[in-house]
Amino acid sequence: LKQVQDKERATYAARQDLDQEFPIILADGTERWIHQIGKITYAKNGEITRKIGSIQDITARKEAEDILRMQLTRMKTLNIIDQLLRKTEELQDILPQLAEIIGKKTGLDAIAILPYDRTIKKLVLGSTWGFHEEPLEKGSLSLGEGLAGRVAQNLQVIHLDVKNPNITIEKNLVDFLKREEVIEYIAVPMLAQGKLGGVVELFQRRRLKTPQETTNYIAAVAGQIAMAQNNQNLIRDLQYSNKELMEAYDATIYGWSRAMDLRDEETEGHTQRVTQLTEKMAKKMGIPAEELVHICRGALLHDIGKLGVPDSILLKPGKLTDDEWKTMKEHPTHAYEMLSDVEYLRPALDIPYCHHEKWDGTGYPRGLKGKEIPKAARIFAVIDIWDALRSDRPYRKAWSREKTLEHIQELSGTHLDPDVVTAFIELIEE
């Protein structure tokens, strides 16, 4: 409470309205994020006559935002690693660079990569990053030797709470982890086509917020390295041939869409509904099957750019000011900037970037007109309006089917593509 009051006094002393977000530390050492708003009035003598305001615990929302940013960074990192592996002829030459990319770009503490040498049938230390001292595995490890050797032998992940391990750890390793201040350890086998390529170890001095997601991320990286180790010639097609990695990408996209619904206070299932209906419309309008996956991804990510819009604007209950509205209109551009450098998401950008463009050219962010607007975005615009009006909101009840269809018809030729509107009405009647 004192921390909140100190923030409040400092703002009032400057004679400003209060609207700020900041962390506070509770007595047990945990951190919580607070959103505080308030307004004050003064008498002629400068004395405060009235204060009114509220505080809200927004920790869950902040954590969701952090996870979204982390997932996006990790996806970009997978793409960077993939491109790096495609360009190299000798994996050993880039292992130090890989270790640094894996650790540094995604906020991990220390990494060790141990390729499996088939000639001597041992794990060898390929590269490390983030350690205070040299790691123990300076030479090589036989299968079953040490934690990494056990992972290589059993082809199974080991995830340890170092302070309360559920398996036996050798004393020299216990001492090493203590000196390194490691409290969490994850080791993942590098597998390609079921064959051992090595082991990737993660050493954490801070608790992981999403340990399972981190494990999945390390497994995806390990799979990339193992595939490169098995056959450098296949790396060019790695991103498309690695089914598990693609499924991990799509699972991440689905998680983003769920988190964005929560942050934007959308109705439950909004993103999933518009994605399913957009896919049906796209099929009806003759979109080739190979393009449907990109349209679905675009629909799932249609509002990812709102991650760049402050909560004070995105969640404001009243009417936005001109400046606030200008900021809000930037979210399609944010989406483009966030996703355009992820190679496999580029074909899905039409909806996140263009779904606020209008048929008559009065939309944003680029003022595209008519068929300048990508077809996927023209289809999605109709679906988005339909679902928004057919859902209950805090400020109104859902519209009837007839009223919503009538409104969509009124927007035909101005806001919406007339051909898409006609096809949509047919689809709803069907």
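## Reading the fold, step by step

Q: Where do I begin: what share of the contacts between residues at least 6 apart in sequence join residues at least 24 apart?
A: Here 57% of those contacts in the protein link residues at least 24 apart. Keep in mind that this is a predicted model.

Q: And what is the chain built from, in helices and strands?
A: The protein has 17 helices and ten strands. Of its 430 residues, 48% count as buried.

Q: How should I think about a nonpolar core?
A: In soluble globular proteins, nonpolar side chains tend to be buried together. In this model, the largest nonpolar core has 47 residues, and L98, I102, I113, I218 and L339 are the ones touching the most other members. Several elements supply at least two residues each, including helices α2 (59-87), α3 (91-104) and α8 (243-263), along with strands β4 (110-117), β9 (184-192) and β10 (195-204).

Q: Which element gives the most to this core?
A: That's α6, with eight residues.

Q: Can we zoom in: what does I113 touch?
A: Leaving out residues up to four places away in sequence, I113 touches L95, L98, A99, I102, V124, L125, G126, S127, M190, V199 and I225.

Q: How many residues are in the second, separate core?
A: That one has 29 residues, among them V274, L277, L292 and L416.

Q: Now helix packing. How do I describe two helices that sit against each other?
A: Two packed helices are described by the angle between their axes and the distance between the axes. The crossing of α9 past α10 is right-handed.

Q: Which residues make that contact?
A: From α9 come T271, Q272, T275, T278, E279, A282 and K283, and from α10 come L292, I295, C296, A299 and L300. Sorted by class, the contact of α9 with α10 has six nonpolar, four polar and two charged residues.

Q: What do the axes of α16 and α17 do?
A: The axes of α16 (residues 401-411) and α17 (residues 418-429) come within 10 Å and cross at roughly 165°. That makes α16 roughly antiparallel to α17.

Q: Is their crossing left-handed or right-handed?
A: The α16 and α17 crossing is left-handed. R401, L405, I408 and Q409 of α16 meet V421, F424, I425, I428 and E429 of α17. By class, this contact of α16 with α17 has six nonpolar, one polar and two charged residues.

Methods: Residues numbered from 1 in each chain as written. Predicted model: local features only at pLDDT ≥ 70, side-chain atom pairs only at ≥ 80, totals over all residues. Heavy atoms only, no water. Core = buried A, V, L, I, M, F, W, Y, C linked by side-chain atoms within 4.5 Å. Buried < 20%, exposed > 50% of the residue type's maximum accessible area, 1.4 Å probe, protein only. Helix = DSSP H or I, 4+ residues; strand = E, 2+ residues; numbered from the N terminus. Contact = heavy atoms within 4.5 Å. Left-handed = near helix turned anticlockwise from the far one by under 90°. Nonpolar A, V, L, I, M, F, W, Y, C, P; charged D, E, K, R; others polar. Axes fitted to C-alpha atoms, helices over the stretch in contact; angles between N-to-C directions. Parallel < 35°, antiparallel > 145°, perpendicular 65-115°, else oblique.
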